[in-house]
Amino acid sequence: MKKSILAHEVLKAIGRDVKDKEEQRQTVNKGGATQQIYNLCSCLIGEHLSSPSEGSLANMKDNRTAFSVTLNNERSLTCFGPFSDDRGVPFKHVFLNLGNSYNVQTGIFTVPYSGVYNLAATVYSRSLVDLPQATCALLQFNGVTVAPLIEKNGLDSEDSNTVVVVKHLKAGDQVSVNLQKGCNICDDTTHYNTFTGFMLYAAEKE
Ligand SMILES: [Ca+2]
């Protein structure tokens with residue numbers, strides 16, 4: 001009887017041991033499977049983060065272009081114009097000229113990379129004793145007017161106008177604001193007159 005009980009206990013112990021070994025084996029397999037999945041994910045993530053994305057990020061940094069300028073930064077209100085002919089407006093005070101594609105001497109933004117661009121301009125003038133109040137300028141692409149900036153009704157002491165344009169431009173295109181003859185715009189440290197542009201995304205022009 002005692003031998004029978006002993007044999008029974010031994011068999012139970014062996015059974016527990018076999019069960020433990022099986023659980024260990026399953027755990028190892030699960031771990032192995034987890035490791036394989038981890039390796040696969042790492043590989044996929046690595047592939048995703050390497051060449052294409054890193055290259056795109058590098059391209060974005062290389063191609064970034066944005067400018068934002070104002071007419072001047074004078075303490076007292078200082079006007080540009082009026083003139084007897086049309087003149088390109090040289091916005092002299094630079095907030096930002098990322099990529100140096102805006103020429104502060106000429107006031108012309110030369111598109112560095114083909115793409116879709118956002119361009120905006122605001123002009124302003126105030127009636128002064130020795131100047132006629134007439135705010136009229138033109139936002140131009142390659143010398144062709146795409147939007148007028150005009151307010152000269154003379155009903156109050158200030159004139160202002162704003163245009164915002166999104167356009168597909170190609171490398172080398174030129175964007176400018178041209179003051180029309182007989183008109184003037186005025187500015188000081190308030191920065192009433194602004195000219196701003198930035199690339200939304202690079203794209204070859206069709
Ligand atoms: Ca007005």
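Helices (H or I, at least four residues) and strands (E, at least two) are DSSP runs that are numbered from the N terminus. The views below show a predicted model, in which local features need pLDDT of at least 70 and side-chain atom pairs count only at pLDDT 80 or more, while totals for chains, interfaces and linings use all residues. Residue numbers start from 1 along each chain, as its sequence is written.

**View 1. Tyrosine 102 in strand E5.** Tyrosine 102 has its place in strand E5, which covers residues 102-103. A residue is called buried if 20 or more other C-beta atoms lie within 10 Å of its own, exposed if 12 or fewer do, and partly exposed in between, with C-beta atoms placed from the backbone. Tyrosine 102 is buried because 25 other C-beta atoms lie within 10 Å. Two residues are in contact if their C-beta atoms, placed from the backbone, lie within 7 Å, and, when residues up to four places away in sequence are not counted, tyrosine 102 touches Phe67, Val69, Asn97 and Phe109. Serine 68 is 34 residues from tyrosine 102 in sequence, and the two are 8.9 Å apart in space, C-alpha to C-alpha.

**View 2. The open sheet of five strands.** The strands of this open sheet follow the order E4-E1-E13-E7-E10, with antiparallel pairing, where two strands pair if DSSP finds at least two bridges between them. Strand E4 (93-98) and strand E10 (158-169) stand at the edges with a single partner strand each, so one side of each is left without a neighbour in the sheet. Neighbouring strands of the sheet are turned by 5° against each other on average, direction ignored; the axes are lines fitted to C-alpha atoms, for helices over the stretch in contact, and angles run from 0 to 180 degrees between N-to-C directions.

**View 3. Strand E13 and its two partners.** Strand E1 (residues 66-70) runs antiparallel to strand E13 (residues 194-202), and five bridges join the two; within this pairing, threonine 70 has threonine 194 of E13 as its bridge partner. Strand E7 (residues 115-126) also runs antiparallel to E13, to which eight bridges join it, and here tyrosine 117 has methionine 199 of E13 as its bridge partner.

**View 4. The largest nonpolar core.** A nonpolar core is a set of buried Ala, Val, Leu, Ile, Met, Phe, Trp, Tyr and Cys residues joined through C-beta atoms within 7 Å. The largest one has 30 residues, and Ala137 and Ile185 are those with the most contacts inside it. At least two residues of this core come from each of E1, E7, E8, strand E11 (174-179), strand E12 (185-187) and E13, and E7 gives the most, with five residues. The contacts of isoleucine 185, not counting residues up to four places away in sequence, include Leu71, Phe80, Val123, Thr135, Ala137 and Leu179.

**View 5. Threonine 135 in strand E8.** Threonine 135 is found in strand E8, which spans residues 135-141, and it is buried because 25 other C-beta atoms lie within 10 Å. Among the residues that threonine 135 touches, not counting those up to four places away in sequence, are Val123, Tyr124, Ile150, Asp159, Cys183 and Ile185. Although threonine 135 and isoleucine 185 are 50 residues apart along the chain, their C-alpha atoms are separated by 6.1 Å.

View 6. The peptide bond from glycine 81 to proline 82 is cis, with omega near 5°, and proline 82 lies in the loop between strand E2 (78-80) and strand E3 (87-88). Asparagine 142, in the loop between E8 and strand E9 (144-151), has phi near 55°, a positive value in a residue other than glycine, and it counts as partly exposed because it has 13 C-beta neighbours inside 10 Å. Histidine 191, which lies in the loop between E12 and E13, likewise has a positive phi, of about 65°, although it is not a glycine; histidine 191 is partly exposed, with 18 other C-beta atoms within 10 Å.
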